[in-house]
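Please read it alongside the sequence and the coordinates.

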Amino acid sequence: MSSISATLRDAPNKMSAEGIATVEQKFSNILAKQFHSADQMTRAHKAYQAAIEGDVSLSTTAQQLAKSFADAYAKATQIALGGYHSKEDTRFDVRLT
């Protein structure tokens with residue numbers, strides 16, 4: 001099973017270190033639940049990274065995988081941050097190991 005490491009960048013104002021750690025863990029759990037398997041999440045993440053870098057054109061399948069990761073990321077972000085008012089640059093850096 002892939003392990004997810006998520007780091008919250010540009011956290012919302014007035015968020016404690018404990019709050020940040022809780023939100024990062026919640027984000028990771030929600031993101032993982034969006035995929036049927038660790039392999040599917042890993043393939044989607046790789047396709048998403050390739051799409052962001054834009055160096056090569058992606059196959060239709062890779063585009064769909066990238067979109068599935070982007071959608072899962074957006075959903076996990078929204079749920080994890082909940083009532084916090086995020087800044088424009090608030091984001092999670094995701095690393096799969």
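This is a predicted model: local features need pLDDT of at least 70, side-chain atom pairs count only at pLDDT 80 or more; totals for chains, interfaces and linings use all residues.

1. Aromatic pairs: the count comes to four. In one of them, the ring centres of Phe27 and Phe92 are 4.0 Å apart with planes at 10 degrees, and since planes under 30 degrees apart count as stacked, the pair is stacked. Phe27 belongs to helix 1 (residues 17-33) and Phe92 to strand 2 (residues 91-96), so this pair ties together parts that are 65 residues apart in sequence. Phe27 is buried, at 0% relative accessible area. Phe92 is buried too, at 3%.

2. A second pair to look at is Tyr48 with Phe69: the ring centres are 5.0 Å apart and the planes are at 45 degrees, so the pair is tilted. Tyr48 sits in helix 2 (residues 38-53) and Phe69 in helix 3 (residues 60-81), so here the parts tied together are 21 residues apart in sequence. Phe69 has a relative accessibility of 1% and counts as buried.

3. One aromatic cluster is formed by Phe27, Tyr73 and Phe92. Of its members, Phe27 and Phe92 are the stacked pair of point 2.

4. For helix 1 and helix 3 the angle is about 140 degrees, and the axes are 8 Å apart. The two helices are therefore oblique to each other; an angle counts as roughly antiparallel if it is over 145 degrees. The crossing of helix 1 and helix 3 is right-handed.

5. By class, the contact of helix 1 with helix 3 has eleven nonpolar residues, one polar and one charged.

6. Leaving aside neighbours within four places in sequence, Lys26 is in contact with Ile79 and Ala80. Lys26 is partly exposed, with a relative accessible area of 38%. Between Lys26 and Thr61, which are 35 residues apart in sequence, the C-alpha separation is 29 Å.

7. Helix 2 against helix 3: the axes come within 7 Å and cross at roughly 100 degrees. That makes helix 2 roughly perpendicular to helix 3. From helix 2, the residues Met41, Arg43, Ala44, His45, Ala47, Tyr48 and Ala51 meet Ala62, Leu65, Ala66, Ser68, Phe69 and Ala70 of helix 3. The contact of helix 2 with helix 3 divides into ten nonpolar, two polar and one charged residues. Tyr48 and Phe69, the tilted pair of point 3, are both listed in this contact.

8. Backbone angles: most residues other than glycine have a negative phi. Asp10 is not a glycine, yet has a positive phi of about 50 degrees. Asp10 is in the loop between strand 1 (4-9) and helix 1, and counts as partly exposed at 38% relative accessibility. Lys14 likewise is not a glycine and has a positive phi, of about 65 degrees. Lys14 is in the loop between strand 1 and helix 1, and is exposed, with a relative accessible area of 85%.

9. Other residues of helix 1: Ser28 is in this helix and is buried, with a relative accessible area of 8%. Not counting residues up to four places away in sequence, Ser28 touches Ile4 and Ala6. Ile20 also has its place in helix 1. The relative accessible area of Ile20 is 21%, so the residue is partly exposed; buried means under 20%. With neighbours within four places in sequence left aside, Ile20 is in contact with Leu8, Ala11 and Met15. The C-alpha atoms of Ile20 and Ser3 are separated by 19 Å, at 17 residues apart along the chain.

Notes. Residues are numbered from 1 along each chain as its sequence is written. Side-chain values use heavy atoms; hydrogens and water are left out. Rings of Phe, Tyr and Trp (its six-membered ring) pair if their centres lie within 6.5 Å; planes under 30 degrees apart count as stacked, over 60 as edge-to-face and the rest as tilted. Helices (H or I, at least four residues) and strands (E, at least two) are DSSP runs, numbered from the N terminus. Buried means under 20% relative accessible area, exposed over 50%, partly exposed in between (1.4 Å probe, protein chains only). Axes are lines fitted to C-alpha atoms, for helices over the stretch in contact, and angles run from 0 to 180 degrees between N-to-C directions. Angles under 35 degrees count as roughly parallel, over 145 as roughly antiparallel, 65 to 115 as roughly perpendicular and the rest as oblique. A crossing is left-handed if the near helix is turned anticlockwise from the far one by less than a right angle, and right-handed if clockwise. Ala, Val, Leu, Ile, Met, Phe, Trp, Tyr, Cys and Pro count as nonpolar, Asp, Glu, Lys and Arg as charged, and the others, Gly among them, as polar. Contact means heavy atoms within 4.5 Å.
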